[in-house]
Amino acid sequence: MAATFIPRQVFPNHASLPRSYFLGHHRAGLNKMKNMLSSIDYVVECRDSRVPLSSVNPMFEEALGKTRRLIVYTKRDLGAEKGPVQKATEKKIRAFDRNSSVFFVSSSSRQDVNSILKHLRNDAAGPDRLVGCRVMIVGMPNVGKSTLINNLRNHGVGKAKAVQTGGQPGITRKIGTPVKVIERESGSHVYVLDTPGVFVPYVADAENMLKLALCGCVKDSVISPVTLADYLLYHINLNDANVYQRWSPATNEIMPLLETFARGTGLLAKGGIPNIDLAALHFIQKWRAGDLGKFILDDLEAEERRRELGLETEASISMTQALKADKLSKRSNAVESADGKK
């Protein structure tokens, strides 16, 4: 009789993981956003439905806090299958944002943006009829801001995409020109502006960094693809280990799985040796495309308990605290590196 498979209940802490992806154009973009606020009527903050908590950037709260805002959770079709589970999940997420209007949009469906267009058409009135209403789209890197803008434009005014999109972060490096998404007879049209994705200066929880990297909010070269694939395997096993059964029986060991995955998908180096790093990247990409299960990486129940107890979440740290933590981390790493060379 075969032994019952028991998935890992915790993922080993990787203290050596990088804790930031706060690049120069992130800082410059955030400063430009702050400087433009006087001409902005509305802010749309995008977050990834697969990491609805981890993809919250507290710097937006601090920098853009007084401007009217709505929250858009992107890639809803990758966070859960349509049905009762998706509805229950979205209800929990909405409860975390009681002070803002909340919307969910799919990466594959453009119909979801109709409710956003309706909201903007009714609520986002521009103070200057000549200029119209200007809406700034903000969010972490690669959460789907540009895709949202293209879909708003397509449905709002029937025109093709206006901004470039891609599977890796960093496609948008500066604030774009206004893109019309709603036409009004009065001439006070609604325009949206794309902005660079802005990462946080420091991620206190290493596992949150893994979540964001797995969803593509940082470049795939920042964290080892094998480590990311292992973290993905950990989550897959907690949800449904059957999704990779064509390559391997249920397992908690990533290396044997990647070897059989590489052979099964033809990802081989010279001599027929499995290309493990490439296999890990392809394994991750399959999940990002929704082919290895659809689930949320954040623990919503744990967040509910924290809020009930009045505990501070990581997303509530200020920009000053985050920058200070980043400096301390870099200083600590430099000391460790110097000690290792002695």
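Four bridges join strand β4 (residues 133–139) to strand β6, and the two strands run parallel. Strands here are DSSP runs of E with at least two residues, helices are runs of H or I with at least four, and both are numbered from the N terminus; two strands count as paired if DSSP finds at least two bridges between them. Within this pairing, Cys133 stands opposite Val190 of β6. The model is a predicted one, in which local features require pLDDT of at least 70 and side-chain atom pairs count only at pLDDT 80 or more, whereas totals for chains, interfaces and linings use all residues. Residues are numbered from 1 along each chain as its sequence is written, and side-chain values use heavy atoms, with hydrogens and water left out.

Strand β6 also pairs with strand β5 (residues 179–182), here in the antiparallel sense and over three bridges. Val192 of β6 is the bridge partner of Val179. In a regular strand the side chains alternate between the two faces of the sheet. In β6 (residues 190–193), both faces are covered: Val190 and Val192 on one side, and Tyr191 and Leu193 on the other, are all buried. Buried denotes a relative accessible area under 20%, exposed over 50%, and partly exposed the range in between, computed with a 1.4 Å probe on protein chains only.

These strands belong to an open sheet of six strands in the order β3-β2-β1-β4-β6-β5, with mixed pairing. Strands β3 and β5 stand at the edges with a single partner strand each, so one side of each is left without a neighbour in the sheet. From one strand to the next, the twist averages 30°; angles run from 0 to 180 degrees between N-to-C directions, and axes are lines fitted to C-alpha atoms, for helices over the stretch in contact. Elsewhere in the sheet, β1 and strand β2 (residues 69–74) run parallel and are joined by six bridges. Glu45 stands opposite Ile71 of β2.

Arg47 lies in strand β1 (residues 42–48) and Asp97 in the loop between α4 (84–95) and β3 (101–104), so the pair ties together parts that are 50 residues apart in sequence. Asp97 is buried, as is Arg47. Through shared partners, salt bridges join Glu45, Arg47, Glu61, Arg69 and Asp97 into one network.

A further salt bridge connects Arg8 and Asp230, at 3.0 Å from N to O. This pair links distant parts of the chain, 222 residues apart: Arg8 is in the segment before α1 (24–36) and Asp230 is in helix α8 (residues 225–239). Both residues are buried. Phe11 is likewise found in the segment before α1, and is buried with a relative accessible area of 9%. Phe11 touches Leu210, Thr227, Asp230, Tyr231 and Tyr234, not counting residues up to four places away in sequence; contact means heavy atoms within 4.5 Å. The C-alpha atoms of Phe11 and Glu207 are separated by 8.3 Å, although the two residues are 196 residues apart along the chain.

Leu210, touched by Phe11, is one of the buried residues of α7. Helix α7 (residues 206–214) is mostly covered, with eight of its nine residues buried. Among the elements that cover these buried residues are α8 and α10 (276–288).

Another helix contact involves α5 (residues 113–123) and α6 (residues 145–157), which pack at an angle of about 75° with their axes 10 Å apart. The two helices are therefore roughly perpendicular to each other, a term covering 65 to 115 degrees, with angles under 35 counted as roughly parallel, over 145 as roughly antiparallel and the rest as oblique. Val113, Asn114, Ile116 and Leu117 of α5 meet Leu148, Asn151, Leu152, His155 and Gly156 of α6.

Overall, the chain holds 12 helices and six strands, and 52% of its 342 residues count as buried.

Terms used:
A salt bridge is a side-chain nitrogen of Lys or Arg within 4 Å of a carboxyl oxygen of Asp or Glu.
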